[in-house]
Amino acid sequence: MTDAQSSATQTTPLAKSDFSHETVLLYETVDAVLGKTPTKKQSKKVTGSQDKVSGIFVDATFGRGGHSKLLLESLSDDGQLFVFDKDPEAIAVAEEIAKSDNRVTVVHDSFANITHCLHQHGVLQVNGIMADLGVSSPQLDDGSRGFSFMRDGAIDMRMDTSRGQSVGEWLQTVEEEDLANVLFDFGEERHSRRIARAIKQMDSYTSTLELAEVIKQAHPKWQKGKHPATQSFQAMRIFINNELGDIDNFLQQSLSLLAPGGHLAVISFHSLEDRRIKQFLQRHSRGQYPEDENLPMPPVRPRYFSKPIRIAPSKAEVSVNNRSRSAWLRVATRTDTPYNTDPDELHS
Ligand SMILES: C[S@@+](CC[C@H](N)C(=O)[O-])C[C@H]1O[C@@H](n2cnc3c(N)ncnc32)[C@H](O)[C@@H]1O
């Protein structure tokens with residue numbers, strides 16, 4: 001369970017304009033969100049979307065806009081696309097597009113606030129929502145963002161640099177035991193206690209390369225081809241950005257936001273994310289499930305989603321974009337069952 005990281009060690013700093021993002025599962029995701037849901041078989045041979053589609057769509061993770069740009073090619077003149085990102089640099093790119101395309105509305109916020117933000121724009125329901133979770137290549141490649149253990153920079157790791165605490169600030173005050181729990185829970189790092197102890201013995205938290213070196217020295221088992229700090233960096237990033245909490249909130253809100261027949265398409269990159277999406281779609285597409293084995297009858301649940309499927313990138317894509325190798329796309333279609341705001345349902 002690890003995120004893809006750039007393997008090249010960069011010594012000369014790159015200009016911001018040098019950072020680009022190669023979009024993963026591009027055609028599969030856009031076809032799915034537009035309702036041209038590919039089957040598992042078809043996903044190997046994707047043709048893209050030719051006909052114009054009207055409606056309101058959301059790209060919950062704009063990044064550098066790979067998915068958004070393709071979707072806009074298929075969106076009719078009266079269609080609308082709301083794009084979200086936490087990252088001010090991604091938002092700046094989105095705003096450039098919105099300047100010349102009045103179908104695009106840019107929201108600098110977490111997708112965890114999707115309902116509130118759409119309501120502010122007078123939108124109660126949408127026809128499709130896509131999300132491509134995790135970090136973008138520009139975030140990883142820019143050492144100054146602090147996500148990379150291969151490039152030096154401040155230990156930041158916030159997606160939204162305009163608010164919140166950086167990882168460096170958090171490390172100054174976190175208890176060793178709490179740090180170990182984060183490394184274990186969000187990085188599945190088996191040597192979390194030993195690594196947490198070494199990190200808490202550091203004098204300062206100002207350099208990602210220093211932090212990576214301390215983790216490397218504390219790690220008793222180095223795996224060939226994988227930096228020993230991979231899982232610890234991923235864990236701290238997931239924690240500081242509340243990534244799993246945001247995903248849970250976002251998925252829950254898709255139930256009330258998607259219009260009947262609307263599509264949800266979510267790409268994940270590691271098992272902690274994919275498991276949540278899978279279980280959410282299973283829970284809301286089965287209708288019934290054995291919640292408590294002691295009950296005489298399983299509880300009847302509304303079926304809010306139909307046809308959940310999982311799509312992997314083609315071999316051809318993996319061969320040209322290494323980052324796609326751990327990606328999974330999950331797609332489902334909203335049924336016409338009205339959303340039940342029963343408080344029990346909200347927390348399920
Ligand atoms: C993998 S990239 C998306 C790339 C995009 N699909 C493209 O083709 O350019 C993920 C993006 O989602 C953003 N992001 C991650 N979690 C978010 C959240 N909770 N709310 C809004 N944006 C988020 C990150 O800042 C990053 O820009």
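**Notes on the predicted model**

1. Starting with the ligand: the shell around the ligand splits into 6 nonpolar, 10 polar and 6 charged residues. Bear in mind that this is a predicted model. Of the 22 residues around the ligand, the ones that come nearest are Thr 23, Thr 61, Gly 63, Gly 66 and Asp 132. If you want to find the shell by element, look at α2 (66-74) and β2 (80-85), each of which supplies at least two of its residues.

2. Now the overall picture. The protein has 14 helices and 7 strands. Of its 348 residues, 43% count as buried. Take the contacts between residues at least 6 apart in sequence, and 67% of them join residues at least 24 apart.

3. On to the sheet. It is open, with 7 strands in the order β3-β2-β1-β4-β5-β7-β6, and the pairing is mixed. At the edges are β3 (104-108) and β6 (305-311), each with a single partner strand, so one side of each has no neighbour in the sheet. From one strand to the next, the twist averages 15°.

4. Which strand does β6 pair with, and how do the two run? The partner is β7 (residues 328-334), joined to β6 by 5 bridges, and the two run antiparallel. As background, strands of a sheet pair through backbone hydrogen bonds, in either a parallel or an antiparallel way.

5. A helix pair to check is α7 (residues 176-187) with α10 (residues 230-240): their axes come within 8 Å and cross at roughly 95°. Angles of 65 to 115 degrees count as roughly perpendicular, and that is therefore how α7 and α10 stand to each other. On the α7 side, the contact is made by Val 182, Leu 183, Phe 186 and Gly 187. They meet α10 residues Gln 231, Ser 232, Gln 234, Ala 235, Met 236, Ile 238 and Phe 239. By class, this α7 and α10 contact has 7 nonpolar and 4 polar residues, with no charged ones.

6. Last, Gly 128, which sits in strand β4 (residues 126-132). Is Gly 128 buried or exposed? The cut-off for buried is 20 or more other C-beta atoms within 10 Å; Gly 128 has 26 C-beta neighbours inside 10 Å, so it counts as buried. Setting aside neighbours within four places in sequence, Gly 128 is in contact with Val 33, Leu 34, Phe 57, Gly 262 and His 263. Gly 261 is 133 residues from Gly 128 in sequence, yet their C-alpha atoms are 8.8 Å apart in space.

Terms used
Residues are numbered from 1 along each chain as its sequence is written. This is a predicted model: local features need pLDDT of at least 70, side-chain atom pairs count only at pLDDT 80 or more; totals for chains, interfaces and linings use all residues. A residue is near a molecule or strand if its C-beta atom, placed from the backbone, lies within 6 Å of it. Helices (H or I, at least four residues) and strands (E, at least two) are DSSP runs, numbered from the N terminus. Ala, Val, Leu, Ile, Met, Phe, Trp, Tyr, Cys and Pro count as nonpolar, Asp, Glu, Lys and Arg as charged, and the others, Gly among them, as polar. Two strands pair if DSSP finds at least two bridges between them. Axes are lines fitted to C-alpha atoms, for helices over the stretch in contact, and angles run from 0 to 180 degrees between N-to-C directions. Angles under 35 degrees count as roughly parallel, over 145 as roughly antiparallel, 65 to 115 as roughly perpendicular and the rest as oblique. Two residues are in contact if their C-beta atoms, placed from the backbone, lie within 7 Å. A residue is buried if 20 or more other C-beta atoms lie within 10 Å of its own, exposed if 12 or fewer, and partly exposed in between; C-beta atoms are placed from the backbone.
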